[in-house]
Amino acid sequence: MLDIPHLPQRARLTARPEDVLAVLPAIGRLMITSNQHGATHERIGTVETVRFSEGWATLYGAEHDSRMDLAEVSELVVDRTSVMKDKAYPRIEFRRADGTEIMHVVGFDGLVRFDAAVSELGP
């Protein structure tokens, strides 16, 4: 099991959604997952660019092209508990005020790169 005593395994982020989304290119290869009306949508790859306009965030990359209404985001949670075969898959959850998840982002390039990207967003 991975030992990361200096960081909380699961914590709320105090940053704005815009600030969290802006660091996605620094995380490297990642998966964005969203669920709506019984359907799950997943995209895996690098987010190359994040743009903000009129209350929306748009994520671009060779494997990514998605939008999020920033007004829907009420809570951001970082979760470092997922470990498979000694590899960490840290994630960021974007939640509505009622607790339902809008989407989550899973880092595929490990904890070091993930934590470097989110270090300024702290719980």
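Trainee: Which elements each supply at least two residues of the lining of the largest pocket?

Mentor: Those are β2, β3, β5, β6 (65–69) and β11. Keep in mind that this is a predicted model, where local features need pLDDT of at least 70, side-chain atom pairs count only at pLDDT 80 or more, and totals for linings use all residues. Numbering starts from 1 along each chain, and side-chain values use heavy atoms, without hydrogens and water.

Trainee: What makes a residue such as S34 part of the lining?

Mentor: A lining residue has an atom within 4 Å of a pocket point, the pocket being an open set on a 1 Å grid where a 1.4 Å probe fits, with protein on both sides within 12 Å along at least five of seven lines. S34 is one of 23 lining residues, and with Q36, R67, I102 and M103 it is among the closest to the centre.

Trainee: Why are β1 (10–12) and β3 (39–46) called edge strands?

Mentor: Strands pair if DSSP finds at least two bridges between them. β2 and β3 have eight, in the antiparallel sense, so they count as paired under that rule. The sheet order is β1-β7-β10-β11-β2-β3, and β1 and β3 each pair on one side only.

Trainee: What is V20 in contact with, beyond its neighbours within four places in sequence?

Mentor: L13, A15, L76, I92, F94 and L121. Contact means heavy atoms within 4.5 Å, so each of these six names passes that cut-off against V20.

Terms used. Helix = DSSP H or I, 4+ residues; strand = E, 2+ residues; numbered from the N terminus.
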